[in-house]
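Me: I am new to this structure and would like to learn how to read it. Can we go feature by feature?

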Amino acid sequence: MNRRATGVKRRRRERGSLNPEDIIDGAFELAEQVSIDGLSMPMLGKHLDVGVTSIYWYFRKKDDLLNAMTDRALSRHVFDTPFIDPADWRDSLTHHARTMRYAFLGNPILCDLVLIRSSLSAPAARLGARGMERAVAALVEAGLTVDQAFDTYSAVNLHIRGSVVLQRLYDKNSELGDSARAYYEEIRIDPEKTPLLSQAMSKGRKSGAPDEHNFEYGLQCILDNVSRLIDANR
């Protein structure tokens, strides 16, 4: 749920002291309090203790500001993501995937900017492409063909993002007090009519839930297939 912007009142700025980096800094601070959806230019002006026209001088609309925030968030995320080591591809790709997932799950603003909003500027798109190129190159060096490496990294990426987005949408609905529940919470199991489901779900498994168990199982299935492909290519 969006919260009223609070916190220590900023010292009033001198005229002409505002710059784009200050605005982006303030936008991230405010988004931590009110979310990306709740962020507005007038609210940001109040947070920074400047007139809103000072913000519009640098960012003509909210989308322009969100693009700048996305560029910064994505650049830091890319550099924080561990590389894939061709000599130890399975463990390093596992670490790579887990790190990406935990980064998005632990930072709702990053998730909303990069995955939910899903609108990248040209520089951010180029940065993302370079990261993908590096990952595909590592998998090719590990023994996959270019097509296999591309498909593998695409599948891992989709697996990470799908898991994170489902969890984020669930969290956002919960924050809004939405009474709707996820479909996997509504499954009703009758031990007599669905004994196999009953047996599996009695151990805590949830069909289609974006939880740790399902993420790890899906990831290991992808990696098992990579092992078979590399062996076949030798």
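Me: Over residues 40–59, what share of the chain is helix and what share is strand?

Reply: Keep in mind that this is a predicted model. Over residues 40–59 the chain is 65% helix and 0% strand.

Me: How many helices and strands does the chain have?

Reply: Eleven helices and zero strands. Read along the sequence, the pattern is α-α-α-α-α-α-α-α-α-α-α.

Me: What percentage of the chain's residues count as buried?

Reply: Buried means under 20% relative accessible area. Of the 234 residues in the chain, 38% count as buried. The chain exposes about 14100 Å². Carbon and sulfur atoms supply 54% of that area.

Me: How much of the contact in the chain links residues 24 or more positions apart?

Reply: Take the contacts with a separation of 6 or more. Residues 24 or more positions apart account for 71% of them.

Me: Which residues touch the most other members of the largest nonpolar core?

Reply: They are Ile23, Leu44, Leu65, Met69, Phe104 and Leu113, in a core of 52 residues. Several helices each supply at least two residues of this core, among them H1, H2 (41–48), H4 (62–80) and H5 (89–106). H6 (108–116), H7 (122–142), H8 (146–175) and H11 (212–233) are also on that list. H1 gives the most, with eight residues. The core draws at least three residues from each of domain 1 (20–73) and domain 2 (82–233).

Me: Pick one core member. Which residues is Leu44 in contact with, leaving aside its neighbours within four places in sequence?

Reply: Leu44 is in contact with Ile23, Gly26, Ala27, Leu30, Ile55 and Leu65.

Me: Why is H6 described as largely enclosed by the rest of the structure?

Reply: Count its buried residues. Seven of the nine residues of H6 are buried, so the helix is largely enclosed by the rest of the structure. The buried ones are Ile109, Leu110, Cys111, Asp112, Leu113, Val114 and Leu115.

Me: How should I read a phi angle? What is the phi of Ser35?

Reply: Most residues other than glycine have a negative phi. Ser35 has a positive one, near 80°. Ser35 lies in helix H1 (residues 20–38). Ser35 counts as buried because its relative accessibility is 19%, and the cut-off is under 20%. The Ser35 side chain reaches the backbone nitrogen of Asp37 at 3.4 Å.

Me: Where is Asp49 placed, and is Asp49 buried or exposed?

Reply: Asp49 sits in the loop between H2 and helix H3 (52–56). Its relative accessibility is 16%, so Asp49 counts as buried. Asp49 also has a positive phi, about 60°, although it is not a glycine.

Me: Now a lysine. Is Lys172 buried or exposed?

Reply: Lys172 counts as buried, at 16% relative accessibility. Lys172 lies in helix H8. Apart from neighbours within four places in sequence, Lys172 is in contact with Asp37, Asp112 and Ile116. Asp37 is the residue whose backbone nitrogen the Ser35 side chain reaches, and Asp112 is one of the buried residues of H6.

Me: How do I compare distance in sequence with distance in space? How many residues apart are Ser227 and Gly143?

Reply: Ser227 and Gly143 are 84 residues apart in sequence and 9.3 Å apart in space, C-alpha to C-alpha. Ser227 is found in helix H11 and counts as partly exposed, at 22% relative accessibility. Not counting residues up to four places away in sequence, Ser227 touches Trp89 and Arg90.

Me: What are the two separations for Asp231 and Leu144?

Reply: In sequence, 87 residues; in space, 9.3 Å, C-alpha to C-alpha. Asp231 also lies in helix H11. With a relative accessible area of 46%, Asp231 is partly exposed.

How values were computed:
Residues are numbered from 1 along each chain as its sequence is written. This is a predicted model: local features need pLDDT of at least 70, side-chain atom pairs count only at pLDDT 80 or more; totals for chains, interfaces and linings use all residues. Side-chain values use heavy atoms; hydrogens and water are left out. Helices (H or I, at least four residues) and strands (E, at least two) are DSSP runs, numbered from the N terminus. Buried means under 20% relative accessible area, exposed over 50%, partly exposed in between (1.4 Å probe, protein chains only). A polar contact is a pair of N or O atoms within 3.5 Å; within protein, one must be able to donate a hydrogen and the other to accept it, and residues adjacent in sequence count only if both atoms are side-chain atoms. Contact means heavy atoms within 4.5 Å. Accessible areas come from the Shrake-Rupley method with a 1.4 Å probe; for residues, only the protein chains shown count as cover. A nonpolar core is a set of buried Ala, Val, Leu, Ile, Met, Phe, Trp, Tyr and Cys residues joined through side-chain atoms within 4.5 Å. Domain bounds come from an automatic or database domain assignment.
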